[in-house]
Amino acid sequence: MKSNNILRKLTLGTVTVAAVTALFSSVAYAADDTASQDAAALQGLFEDSGFTVTEGTFYEIDTVKEASAGNLMSCFGNNAGSAYTVFDMSDGPTQEVADPIFPPGGWQYKLCQDEAIVLLTNLPPECKYYSFINYIMFTEEKEGKDYTNESGYFSAGDETTGKYHPIFGSIGDPLNMMNIKHDGDSEYDSSAVIVISANQTVTDKVTEQLNAAGYDDSVINVMTIPADTYRMGLEKGDDTFCFLGRISQPTDEDAYQNYISTLAENSTVYRLTPETEIESAPYENPVVIARGTGEHESAVLEDAQGHLDTIRQAIINKYKDEYDYEELKTDIAVPEGLTGYFNDTNAQGDNCDAAYLMTRDFTLNSDEDFIVVYGVNHTATGKGQYSNAVLYSRPMLNGVCSVYDSLFTGSAAEYLDADCEDADMYYVYNMARTQMDNYTALVEYSTGNEKGKYYGVDNGSTLLLAFRSYLDKTGTGASYYEIVYDRAIVFHKK
């Protein structure tokens, strides 16, 4: 029996489910009284309303750790320095065909159009950003199609399960700290209920039982899956899904560690399967928040082009005598979820809350080679709740080195005129093997890395850089047409 802010144990004895229902129904729900709810009673209500209930778990997954241990074939472009949480979900009660093999098992699953998933969980402690989002994870490969040149392609499964490849495309807008329904006075350190469903009738039945157990609509978040878009079901060839939580830059590291270490025991996940099939009542594709405010971020800068040119030339002048260099421009990194699905390509875990930019591939050939990332501080211009730059290695897409905007202050000053009042609207940061100055992020080696081989990268490996900016003022990611794209220069010792 699990317990958390939204759950506590009750001794039911011989009390019937009907009596429990009557008890909860007779008591007015109070936002600060969610601790009085009981998971066992709720499970009984679901079962009495015609659902078979299967319990899962909700836990942190460290893709770099799992890949280093040989348990994952990709790190999926992890945002180094941020954490991820997923379901471990068992197969449906009537499922006969296994999911495509992609360890660790359980974090991607099939779902019938009339099944639902219910998560009761604590919310993260105060942090820069957190969210929860559904994904289409794998889809079956199209017969006769050559995927070998597709970005981010790999194969999972076999003739028995069906051969699949990753889409990892978002479904709708995420729930985040700005829009989630929760108990208590704060969106942090509180609790919430999340219902995942592809069927309006099922959602209504589930919500009715949640209400009967005392969970008010003010804490219930419904995340829909458009059943007519995806291949719902438990058979060979049906799509697989996953649920992903993100947490970035907690204010109190001890509080965060306590949250993560107790997440599984302080959350309850139910898979609800109707004993009798429920007629399809599909949702349409959700309307997502439109990107863009209509104002380009350069509008808040006095001379963006001039300052960036000055920074660029100053960086080159500083190192050109001893180093050759290559300049890397950036472009949109990943398609959004539906685009990835319809194009049958890997969206690489996109999130509508973020704008993603990426460079072409490059290498560091010696210990003296290094990278300088620079550009506009999107957080300072108001185009992001936070922004960062991450160094990745192929083919695992393991994030090995990251720089967050909280480190940017003062980093561009030496590259601009002393009287520049906008200096902190820009940033300049090094990624190197050794500490070059106060604005250097260290790039660890893969070989001999005690944490695991994918926490670092060796010389000669294929690398790329990705840049993120999370949450514009609109409540979603900034428009790609309203930001100044980040830049990078790779220096190679002559």
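**Entry 1: two helices**

How do the axes of helix H2 and helix H4 cross, and within what distance do they come? First, a note to myself: I am working with a predicted model, in which local features need pLDDT of at least 70 and side-chain atom pairs count only at pLDDT 80 or more, while totals for chains, interfaces and linings use all residues. Residues are numbered from 1 along each chain as its sequence is written, and side-chain values use heavy atoms, with hydrogens and water left out.

I looked up H2 (residues 39-48) and H4 (residues 200-212), and found that their axes come within 10 Å and cross at roughly 140°. That makes H2 oblique to H4, where angles under 35 degrees count as roughly parallel, over 145 as roughly antiparallel, 65 to 115 as roughly perpendicular and the rest as oblique. The axes are lines fitted to C-alpha atoms, for helices over the stretch in contact, with angles from 0 to 180 degrees between N-to-C directions. Helices (H or I, at least four residues) and strands (E, at least two) are DSSP runs, numbered from the N terminus.

The crossing of H2 and H4 is right-handed (the near helix is turned clockwise from the far one by less than a right angle). On the H2 side I find Leu42, Leu45 and Phe46 in the contact, and on the H4 side Val206, Gln209, Leu210 and Ala212; contact means heavy atoms within 4.5 Å.

**Entry 2: asparagine 430**

Next I went to strand E17 (residues 426-432), where asparagine 430 sits. Is asparagine 430 buried or exposed? I read a relative accessible area of 2%, so asparagine 430 is buried (buried is under 20%, exposed over 50%, partly exposed in between, with a 1.4 Å probe and protein chains only).

Beyond its neighbours within four places in sequence, asparagine 430 has contacts that include Tyr319, Ile371, Val372 and Tyr439. I also noted a polar contact of 3.1 Å between the side chains of asparagine 430 and aspartate 437 (N or O atoms within 3.5 Å; within protein, one must be able to donate a hydrogen and the other to accept it, and residues adjacent in sequence count only if both atoms are side-chain atoms).

Most residues other than glycine have a negative phi, and most peptide bonds are trans. I therefore listed the exceptions here.

- Phenylalanine 168, in strand E6 (residues 162-176), has a positive phi of about 45° and is buried at 4% relative accessibility.
- Aspartate 189 has a positive phi of about 55°, lies in the loop between E6 and strand E7 (191-197), and is exposed at 53%.
- Arginine 394 and proline 395 are joined by a cis peptide bond, omega about 5°; I place proline 395 in the loop between E15 (386-393) and E16 (398-404).
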